[in-house]
Amino acid sequence: MKLTILLTSDIHGSVFPIDYKSGQEKDIGLLKVASLIKREREKNPNTISIDLGDTIQGSILAQYL
């Protein structure tokens, strides 16, 4: 069996792939990560994803909510 392990860290409350301060598109955010995880799981159903923390703090959006 082939096992794929995906690891994320320091998401910092980024949901959308934009910099909330500048409004510019960036290669960040939970939506971006979700699409990458989905693609990897389609390639290999034996895929797990692990987040190391700092998921919901550190951005303007997270502070507001």
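The structure is a predicted model, in which local features need pLDDT of at least 70 and side-chain atom pairs count only at pLDDT 80 or more, while totals for chains, interfaces and linings use all residues. Residues are numbered from 1 along each chain as its sequence is written, and side-chain values use heavy atoms, with hydrogens and water left out.

Asn44 is placed in the loop that runs between α1 (30-43) and β2 (47-51), where helices (H or I, at least four residues) and strands (E, at least two) are DSSP runs numbered from the N terminus. With a relative accessible area of 9%, Asn44 is buried; buried means under 20% relative accessible area, exposed over 50%, and partly exposed in between (1.4 Å probe, protein chains only). The side chain of Asn44 reaches the backbone oxygen of Lys2 at 3.1 Å. When neighbours within four places in sequence are left aside, Asn44 is in contact (heavy atoms within 4.5 Å) with Lys2, Leu3 and Thr4.

Leu3 also belongs to a nonpolar surface patch of about 760 Å², which is made by Met1, Leu3, Ile5, Leu7, Ile48, Ile50 and Leu52. The elements giving two or more residues to this patch are β1 (4-8) and β2. Patches are made of residues with over 30% relative accessible area and no salt bridge, like charges being joined within 9 Å and nonpolar side chains (Val, Leu, Ile, Met, Phe, Trp, Tyr) within 5 Å; accessible areas come from the Shrake-Rupley method with a 1.4 Å probe, and for residues only the protein chains shown count as cover.

A search of the whole structure finds three salt bridges, a salt bridge being a side-chain nitrogen of Lys or Arg within 4 Å of a carboxyl oxygen of Asp or Glu. In one of them, Asp19 is paired with Lys26, the closest N and O atoms being 4.0 Å apart; Asp19 is partly exposed at 22%, and Lys26 is partly exposed at 41%. Asp27 forms a salt bridge with Lys32, with the closest N and O atoms 3.3 Å apart, and here Asp27 counts as exposed at 62% relative accessibility, whereas Lys32 counts as partly exposed at 33%. Glu40 and Lys43 form a salt bridge in which the closest N and O atoms are 3.1 Å apart, and both residues lie in helix α1, three residues apart, about one turn of the helix.

How values were computed. A polar contact is a pair of N or O atoms within 3.5 Å; within protein, one must be able to donate a hydrogen and the other to accept it, and residues adjacent in sequence count only if both atoms are side-chain atoms.
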